[in-house]
Amino acid sequence: MMIQIEKDPAKLSEVAAALFVQSAKEAIDAKGKFNVALTGGSSPKGLYQLLAGEQYKSQVEWDKVFVFWGDERWVSLDDEQSNAGMTYETLLNHVPIPASNVFPMWTAGITPEARAEEYTIYLKKVLGEAGVFDLILLGMGDDGHCASLFPGTEVLKEEKKWVEGYFLKSKDIHRITLTAPLINKAKKIVFFVFGENKADALFEVLEGERNPTQYPSQMIQPSEGEVQWLVDETAASKLRKI
């Protein structure tokens with residue numbers, strides 16, 4: 001595990017954009033494509049806007065990039081809460097990526113549970129039965145959750161499924177999420193965390209006692225891949241072992 005601390009979110013976004021470009025180049029050079037799972041929420045907007053800008057956009061062979069998401073709220077693509085919708089608006093609508101290479105967690109005309117099964121089929125077609133992403137981007141909530149792996153939820157106990165759909169009572173909404181076992185297969189996992197409100201949870205996840213039921217981000221421990229934490233100074237303010 002590596003922790004990189006930068007002054008502010010703008011600098012974090014620059015570091016993450018360079019990391020995204022490098023990961024894409026390495027994967028495409030090695031096997032002809034780059035498989036990535038993106039994160040939603042407000043945290044990655046700056047990163048996605050950078051990737052959509054000329055400095056970074058021109059460095060990526062977008063026709064060889066295959067995009068999935070770590071999780072999604074059960075809302076339409078045009079809803080302001082949609083992770084995929086935000087990503088289209090800030091990144092995907094501005095780069096030459098084929099529509100067939102992009103796999104949103106569509107919410108129309110099907111149940112969350114059925115969509116999770118369908119999404120698993122898409123994943124296996126692109127990733128193969130091994131299920132290894134080249135890169136997974138994750139945010140972390142101030143409760144220590146990542147993707148839609150929330151404290152105390154049954155999805156934390158999942159050991160076999162790649163994707164799970166469920167009703168999140170605390171937020172009164174259905175969610176779809178990649179599970180911890182699938183995330184932990186990735187070659188590289190990058191947490192993107194900033195803000196004073198994340199400081200307590202970041203300390204508990206990285207330096208507190210192990211309690212993944214309460215702090216699910218502790219579950220992200222790949223057996224072969226690597227985890228990198230990109231955090232700003234305010235989020236890292238309570239860490240002691242740095």
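Two strands are said to pair if DSSP finds at least two bridges between them. In this predicted model, β4 and strand β7 (residues 173-178) meet that condition, pairing in the antiparallel sense over three bridges.

- An open sheet is formed by three strands in the order β4-β7-β6, with antiparallel pairing.
- Its edge strands are β4 (71-73) and β6 (163-168), each of which pairs on one side only.
- On average, neighbouring strands of this sheet are turned by 15 degrees against each other, direction ignored.
- Glu72 stands opposite Ile176 in β7.
- Helix α5 (residues 112-127) lies across β6 and β7 and runs at about 155 degrees to β6.

**A buried residue**
- Gln228 is found in strand β9 (residues 226-232).
- Gln228 counts as buried because its relative accessible area is 5%, and the cut-off for buried is under 20%.
- Apart from its neighbours within four places in sequence, Gln228 is in contact with Met2, Gln4, Leu19, Lys188, Ile189, Val190 and Phe191.

**The cavity**
- Rolling a probe the size of a water molecule over the atoms shows where empty space is left.
- The structure holds one cavity of 30 Å³ or more, and the largest cavity has a volume of about 40 Å³.
- The lining of the largest cavity consists of Ala16, Thr39, Pro44, Leu47, Leu137, Leu138, Val190 and Phe192.
- Two or more lining residues come from each of the elements β5 (135-138) and β8 (188-193).
- By class, this lining has seven nonpolar residues, one polar residue and no charged residues.

How values were computed: Residues are numbered from 1 along each chain as its sequence is written. This is a predicted model: local features need pLDDT of at least 70, side-chain atom pairs count only at pLDDT 80 or more; totals for chains, interfaces and linings use all residues. Side-chain values use heavy atoms; hydrogens and water are left out. Helices (H or I, at least four residues) and strands (E, at least two) are DSSP runs, numbered from the N terminus. Axes are lines fitted to C-alpha atoms, for helices over the stretch in contact, and angles run from 0 to 180 degrees between N-to-C directions. Contact means heavy atoms within 4.5 Å. Buried means under 20% relative accessible area, exposed over 50%, partly exposed in between (1.4 Å probe, protein chains only). On a 1 Å grid over the protein atoms alone, a cavity is a set of points where a 1.4 Å probe fits but cannot get out, and a pocket is an open set with protein on both sides within 12 Å along at least five of seven lines; lining residues have an atom within 4 Å of a point. Grid points are joined across faces, edges and corners, and a volume is the space filled by probe spheres set on the points. Ala, Val, Leu, Ile, Met, Phe, Trp, Tyr, Cys and Pro count as nonpolar, Asp, Glu, Lys and Arg as charged, and the others, Gly among them, as polar.
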